[in-house]
Each structure stands twice: as C-alpha cells, then as structure tokens.
Amino acid sequence: MYVTPEQIQTANKTSVEALLAVANAQFAAFEKLANISAGAVKTAFEDSIANTRALLSAKDVQEFVALQNSFAQPAMEKAIAYSKSVYEVATEANAELSKVAERRVAEWNEGFVNLLDKVSKNAPAGSDVAVAAIKSMLAASNSAYDNFTKVAKQATEIAEANVSAATETVKGLAKAKKAA
C-alpha cells in the first residue's frame, strides 16, 4: 500500500487548517483579554482621578474617611466584573480549542479506521483477529475519550456555577458591609 501525493497534500492541508483554527482561537482570546484589560485600566485611571478630586474637596476628616469608604464598593464590583469577564474569555477559548481537538481526534480516528480496513483487505489469512482487536481497542479509547470529555464539561459547568455563586456572595458581603 502506497501513500499518494494527494493523500500527503490532504493530510498537510488538514494539519495546517487545524493549526490555523487554534491560532485564530488564541488570537481572538488574546484580543478580548487585551480589550478587557485596556478598559479596566482606563476605568481605574478615570476613577482614581475622580476619587482624588472628591477627596481633595473634603471639608473635614470625617468627610474624607466617608468618601474613602464609599470608594470601596464600586472598586470591588469592578474587580469582580473584570475577573468574571476574564474567566468568560478563558472558558470560551477553552471551548473553542476543545472543538478543534475533537475534530482532529475524529478525523484521525476516521483515517485510522480507513487504514485498518485497507490493511485488513491485503493482510494474510488469520490476521483479521488482530485487526478486530485493534478496532476494539480504538473503540474503547474513543469511549474513554468521550467519557473524559463529558466529565471535563461537567467540571467546567460546576466551576462556572461556583464562580457565579462566589461572585454573588462577595457582592452580598460588600453590600452588607456598606449597609453596616
């Protein structure tokens, strides 16, 4: 059995497309993170200017302390929002990379099964048991991979729920502290 130039070209094209898909996903995530960070820096700078002006206009120490305390709640909320945005970008990037990996695994499995079928047609008598064993092993590994993927997705969902719950808890604590 020989590998034709067309098969090599197809394999190379598929590999390059997968590499480009990964690069695009990473660049998109980097771009989103850069935008989020730039927005956070800009907001922090504007807030610090506004807070400084407010503190400079304080007439006494009590007003100065009250102003400083009033700055904590919005800063906490912005920090939580920033963290949540970064987490969302990371989750999206992870999902996109997982899709690329799943496609590559599916393509590899399909190619491997096709190769086994071709080899089994030209194999000597009695080798069908070995081919069947390899196909069985491949099916078992695919099943394990699918189970691992499902568990990873469930873990991601649990982590997202925990992040949301923690965010709400921190917001609640900050509001309770502000009310006190």
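The pLDDT is the predictor's confidence in each residue, on a scale from 0 to 100. The exercises below concern a predicted model, and the confidence values are therefore the place to begin.

**Exercise 1. Determine which element of the protein has the lowest mean pLDDT and which has the highest.**

Solution. Begin with the protein as a whole, for which the mean pLDDT is 83, with 93% of the residues reaching 70 or more. Then turn to the elements, among which helix H3 has the lowest mean, 75, whereas helix H1 has the highest, 90. Where pLDDT is low, the predicted coordinates should not be read in detail.

**Exercise 2. Describe how the axes of H1 and H2 are arranged, and give the classes of the residues in the contact of H1 with H2.**

Solution. Two packed helices are described by the angle between their axes and by the distance between the axes. For helix H1, which spans residues 5–56, and helix H2, the axes come within 10 Å and cross at roughly 180°. Because angles over 145 degrees count as roughly antiparallel, H1 is roughly antiparallel to H2. The contact of H1 with H2, sorted by class, has 19 nonpolar, 8 polar and 9 charged residues.

**Exercise 3. Decide whether Lys 150, Thr 52 and Tyr 145 are buried, partly exposed or exposed, and place each residue in its helix.**

Solution. The cut-offs needed are under 20% relative accessible area for buried and over 50% for exposed, with partly exposed in between.

- Lys 150, which is found in helix H3, has a relative accessibility of 53% and so counts as exposed.
- Thr 52 is found in helix H1 and, at 43% relative accessibility, counts as partly exposed. From C-alpha to C-alpha, Thr 52 and Leu 67 are 10.0 Å apart, and in sequence they are 15 residues apart.
- Tyr 145, in helix H3, counts as partly exposed because its relative accessibility is 27%.

**Exercise 4. Characterise the second largest pocket by its volume and its lining.**

Solution. The volume of the second largest pocket is about 320 Å³. Its lining comprises 14 residues, and those nearest the centre of the pocket are Asn 94, Ser 98, Thr 149, Ala 152 and Lys 153. Helix H2 (61–122) and helix H3 (128–179) each contribute at least two residues to this lining. By class, the lining has 5 nonpolar, 5 polar and 4 charged residues.

Methods
Residues are numbered from 1 along each chain as its sequence is written. This is a predicted model: local features need pLDDT of at least 70, side-chain atom pairs count only at pLDDT 80 or more; totals for chains, interfaces and linings use all residues. Side-chain values use heavy atoms; hydrogens and water are left out. On a 1 Å grid over the protein atoms alone, a cavity is a set of points where a 1.4 Å probe fits but cannot get out, and a pocket is an open set with protein on both sides within 12 Å along at least five of seven lines; lining residues have an atom within 4 Å of a point. Grid points are joined across faces, edges and corners, and a volume is the space filled by probe spheres set on the points. Helices (H or I, at least four residues) and strands (E, at least two) are DSSP runs, numbered from the N terminus. Ala, Val, Leu, Ile, Met, Phe, Trp, Tyr, Cys and Pro count as nonpolar, Asp, Glu, Lys and Arg as charged, and the others, Gly among them, as polar. Axes are lines fitted to C-alpha atoms, for helices over the stretch in contact, and angles run from 0 to 180 degrees between N-to-C directions. Angles under 35 degrees count as roughly parallel, over 145 as roughly antiparallel, 65 to 115 as roughly perpendicular and the rest as oblique. Buried means under 20% relative accessible area, exposed over 50%, partly exposed in between (1.4 Å probe, protein chains only).
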